[in-house]
Amino acid sequence: MRDGTDNNAAPQPDTQKLSNSKVPIGVRIGGMAVRAVFIIVLTVVTARVASPQVENIWSVFETPGDLIRVALGFAACVWFVVHIFVAPKDADAYRTWLYLGLAILPLSLLCAVVIW
C-alpha cells in the first residue's frame, strides 16, 4: 500500500451518536432546564425593551422609531421561542449550558428585575 491507506482498518463509529448517548440524565435535564429558563428570561427582557414607550399598542404607528423597535423585538422574541424547542445536538452543549447557565442565569434574572 503505497498511498498510506489501510484496507483492513475498522470503520470508525459515529462520535456524534456516542457522545449524545453518554450524557448523564441529570446533566441532560439540568442543561435543558437552565437553557429554557435563560431563553425565557431573554425573551421577556427583549419584549419589555421592545415595547412602545406609550402603554397603548396602537401608539406604535405614531413614530417610525417605535414601529421599528417593536417589529425587531417581535422578530427576536419569535426566534428565541423557536430555539426553546430546538435541543442541543451534542453532549458538550448540555454540559456547557449547565455550567455556564449557573453563572448566567442569576445575572439575567437580575437584569430582568432591574429593567422591569
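## Helix 3 and its buried face

In this predicted model, helix 3 packs against helix 2 through its buried residues. Those buried residues are D66, G73, C77 and F80. Viewed down the axis of helix 3, they fall within an arc of 60 degrees, so they line one face of the helix. The other side of helix 3 carries the exposed residues P64, I68, L72, F74 and W79.

Helix 3 covers residues 64-84, which makes 21 residues. The distance from its first C-alpha to its last is 30 Å, close to the 30 Å expected at 1.5 Å a residue.

## Helix 2 between two partners

Helix 2 runs over residues 25-50. It has 26 residues and reaches 37 Å from its first C-alpha to its last, close to the 38 Å expected at 1.5 Å a residue. Its buried residues pack against helix 3 and helix 4. Among them are V27, G30, G31, V34, F38 and T43.

Leaving aside residues up to four places away in sequence, T43 touches C77, F80 and V81.

## The largest nonpolar core

The largest nonpolar core consists of 6 residues, namely V23, V27, V34, A91, Y94 and L98. Helix 2 and helix 4 are the elements that give two or more residues to this core. Helix 4 gives the most, with 3 residues.

L98 is one of the core residues. Not counting residues up to four places away in sequence, L98 touches V27, G30, G31 and V34.

## Salt bridges

Side chains of opposite charge can pair when their charged atoms come close. The model has 2 salt bridges. One joins D66 and R69, whose closest N and O atoms are 2.4 Å apart. Both residues lie in helix 3, 3 residues apart, about one turn of the helix. D66 is buried, with a relative accessible area of 10%, whereas R69 is partly exposed at 27%.

In the other salt bridge, the side chains of R95 and D92 meet at 3.1 Å, N to O. R95 and D92 both lie in helix 4 (residues 91-115), 3 residues apart, about one turn of the helix. R95 is partly exposed, with a relative accessible area of 28%.

## Aromatic pairs

The model also has 2 aromatic pairs. The rings of F38 and W97 have centres 5.9 Å apart and planes at 50 degrees, so this pair is tilted. F38 lies in helix 2 and W97 in helix 4, so the pair ties together parts that are 59 residues apart in sequence. F38 is buried, with a relative accessible area of 18%, while W97 counts as partly exposed at 27% relative accessibility.

The rings of W79 and F80 form a tilted pair as well, because their centres are 5.7 Å apart and their planes stand at 50 degrees. W79 counts as exposed at 53% relative accessibility, whereas F80 is buried, with a relative accessible area of 15%. F80 is also one of the residues that T43 touches.

Definitions and conventions. Residues numbered from 1 in each chain as written. Predicted model: local features only at pLDDT ≥ 70, side-chain atom pairs only at ≥ 80, totals over all residues. Heavy atoms only, no water. Helix = DSSP H or I, 4+ residues; strand = E, 2+ residues; numbered from the N terminus. Contact = heavy atoms within 4.5 Å. Expected span 1.5 Å × (residues − 1). Buried < 20%, exposed > 50% of the residue type's maximum accessible area, 1.4 Å probe, protein only. Arc of directions from axis to C-beta. Salt bridge = Lys/Arg side-chain N within 4 Å of Asp/Glu carboxyl O. Core = buried A, V, L, I, M, F, W, Y, C linked by side-chain atoms within 4.5 Å. Phe/Tyr/Trp six-rings, centres within 6.5 Å; stacked < 30°, edge-to-face > 60°.
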